[in-house]
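Trainee: I'd like to learn how to read a model like this one. Can you walk me through it, feature by feature?

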Amino acid sequence: MENRVNVLFTKQIKIVNFGIQSFYNDNKKQGVPSVHVDWKPVAGGNKELESILDDIL
Amino acid sequence: MVKAQITPGAYYDSVSLMIISNAVKKLEGVTEALVGMGTDLNRELNRNNPNLNSPEVEKTTPNDFFVAANVRDEEVWKAVLAKVDEKLNEKKEDAASNYYPATLEGALKIQPDTNMAVISVPGKGGHAYNVAKNCLMHHINVMLFSDNVSIEEEHELKTEAVKRGLLVMGPDCGTAIVNHVPLAFANVVHPGNIGMVCASGTGTQEVSSIIDQLGGGVSQVLGTGGRDLKKDIGGIMFKHCLEALIADPETKVIVLVSKPPYPLVQTEVLKMAKEGKKPTVVCFIGGDPVEIKSMGLIPAVSLEDAARKAVALSKGEEVKTFDGFDASPAEIDAIVNEATKNLAPTQKYMRALYTGGTLCDESMKYLLPTCKRIFSNIPLQDNDKLENKDVSREHTALDFGDDEFTVGRPHPMIDPSLRAERVLKEANDETCAVILVDCVIGYGSHEDPAADLSDAIKKGKEDAKKAGRDVIVVASVCGTEGDPQCLSKTQEKLRNAGAIVMPTNAQACRLVKKIIEKIG
């Protein structure tokens with residue numbers, strides 16, 4: 001079976017960045033299509049609330 | 001006086017906040033400062049710091065943003081808050097001019113054909129795993145920079161990725177160049193026909209940069225994270241990447257870089273490379289070359305040697321092992337004689353201070369037979385674990401990127417100040433003869449990592465001179481002319497500060513070996 005990573009090698013890289021924003025800034029400087037996600041921990045990092053949300057969702 | 005300000009309901013990424021913390025600490029009249037979210041880690045950092053230990057911070061939750069500082073007076077505290085506001089406003093202005101969606105689904109509305117995710121959110125609490133899993137479900141390849149992802153999570157993500165024909169590079173993967181785009185910490189390397197699969201961050205940067213310096217180029221540089229070739233993961237992603245390079249028409253030569261893998265995994269990887277029938281250079285740093293040779297593959301004695309052999313193969317030239325210097329033996333002898341002439345009899349030891357973990361590992365493996373023992377935070381021998389990372393002992397090698405040094409701080413390649421301070425400290429130790437340092441440039445790294453380092457080298461050498469001795473500094477720069485910081489400009493800066501700048505880490509280690517042998 002063909003390894004689909006080889007298909008990726010023929011495409012333009014388009015990036016979504018989660019976390020350290022300077023990585024996104026570097027992509028933009030190089031003209032690489034990129035979107036930065038304004039990521040925040042689920043339930044503001046409150047583990048109890050997160051687990052309740054997990055159960056509901 | 002210790003002051004604190006708490007703002008509930010604000011969130012900023014940890015690297016930005018650590019950089020703001022450092023900016024605040026440099027203000028006149030500030031003894032200590034911590035700017036962050038009220039996470040378990042930050043509360044612990046506050047509690048364990050006798051100069052801080054703010055009761056207000058102790059009460060924060062992960063949803064609270066706080067500024068805490070030990071300041072001389074109210075005026076200084078006002079300056080602290082003003083500095084934090086200034087830095088946060090820079091971020092807000094940027095956010096106002098660029099729309100940042102809150103979710104992957106939002107990002108895909110803006111850029112529907114996204115095919116690569118770079119993820120550096122916290123690994124603890126399953127955050128990085130959840131984001132990576134969601135990306136895979138949307139058929140997006142993943143570069144997972146985050147650490148603290150469990151073995152089970154890594155195994156599951158990689159198995160899912162292979163099933164879907166996708167990449168999961170990481171966790172703890174710092175370097176990749178995919179379709180000539182450098183991701184996270186990577187250098188500007190010319191396009192070419194050498195493909196690399198690597199389970200080592202700065203090792204990858206060193207090999208790919210030297211390939212560029214020698215006039216070669218890369219097709220793809222794929223990272224897997226350091227655990228991939230261990231027993232628990234079994235090389236899932238390493239083999240997936242190798243298979244892709246074997247099938248890739250642009251890749252004529254393959255380079256594999258890692259610490260020595262788990263034996264069964266090593267055999268599987270080498271067998272796959274052999275069956276791939278493309279010339280393959282294998283650099284399993286410090287590993288046994290016998291099995292590599294028995295498969296008809298080419299072992300490398302150092303990261304530099306791997307790059308040289310790959311470039312020779314890519315150009316159809318004769319493949320020779322390189323374990324020497326670019327300079328002639330006479331030139332090297334002259335450098336050693338000149339460098340050692342003003343050392344005092346007390347100066348016997350080497351201090352290797354690295355920002356790159358693989359480069360530190362390579363230096364210890366090369367210098368151990370000469371030094372006999374090298375004390376370290378990442379020791380080669382269990383007995384040589386440094387009791388206190390802040391106090392060197394005899395021959396010492398430190399990886400400033402290891403967890404012990406990065407709690408509550410950015411990686412030293414982003415913020416090299418801690419390593420620079422240590423250079424100055426070692427220069428003032430009357431038993432230290434030679435300081436060995438790396439300087440890693442490229443995307444992701446500090447905009448001028450040689451600035452703090454060259455100031456420390458200059459001051460350290462002046463201090464040693466005042467004490468009636470000299471101290472030798474041997475440096476190498478990992479990077480390329482095309483990098484934003486520029487290889488030759490960075491080398492020049494270090495040379496002007498008084499360092500002996502060698503072309504590669506391997507040659508820097510060889511020079512230090514000669515110096516240690518000379519001073520006996």
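Mentor: Start with burial: a residue is buried if 20 or more other C-beta atoms lie within 10 Å of its own, exposed if 12 or fewer, and partly exposed in between, with C-beta atoms placed from the backbone. In chain A, buried residues make up 33% of the 57 residues. Keep in mind that this is a predicted model: local features need pLDDT of at least 70, side-chain atom pairs count only at pLDDT 80 or more, and totals for chains, interfaces and linings use all residues. Residues are numbered from 1 along each chain as its sequence is written, and chains are lettered from A and ligands numbered from 1 in the order in which they are written.

Trainee: Which elements does chain A have, and in what order do they run?

Mentor: Helices (H or I, at least four residues) and strands (E, at least two) are DSSP runs, numbered from the N terminus. Chain A has three helices and two strands, and from the N terminus on they run α-β-α-β-α.

Trainee: How many residues does each chain bring to the contact?

Mentor: Two residues are in contact if their C-beta atoms, placed from the backbone, lie within 7 Å. Chain B puts in 45 residues and chain A 31. Several elements of chain B each supply at least two residues to its side, including helix H1 (14-25) and strand S4 (116-119).

Trainee: And how do strands pair up across the chains?

Mentor: Two strands pair if DSSP finds at least two bridges between them. Here four bridges join strand S1 (residues 15-18) of chain A to S4(B), and the two run parallel. A:Ile15, for instance, sits opposite B:Met116 in S4(B).

Trainee: Which residues have the most contacts inside the largest nonpolar core?

Mentor: A nonpolar core is a set of buried Ala, Val, Leu, Ile, Met, Phe, Trp, Tyr and Cys residues joined through C-beta atoms within 7 Å. The largest has 149 residues, and B:Ile119, B:Val142, B:Met143 and B:Val474 have the most contacts inside it. Strand S17 (residues 432-440) of chain B gives the most to this core, eight residues. Leaving out residues up to four places away in sequence, B:Ile119 touches A:Phe18 and A:Gly19, among others.

Trainee: What is the strand order in the open sheet of chain B?

Mentor: The order is S1-S3-S2, three strands with antiparallel pairing. Strand S1 (2-8) and strand S2 (30-37) of chain B are at the edges with a single partner strand each, so one side of each is left without a neighbour in the sheet. Seven bridges join S1(B) to strand S3 (residues 64-71) of chain B, and B:Ala4 has B:Ala68 as its bridge partner in S3(B).
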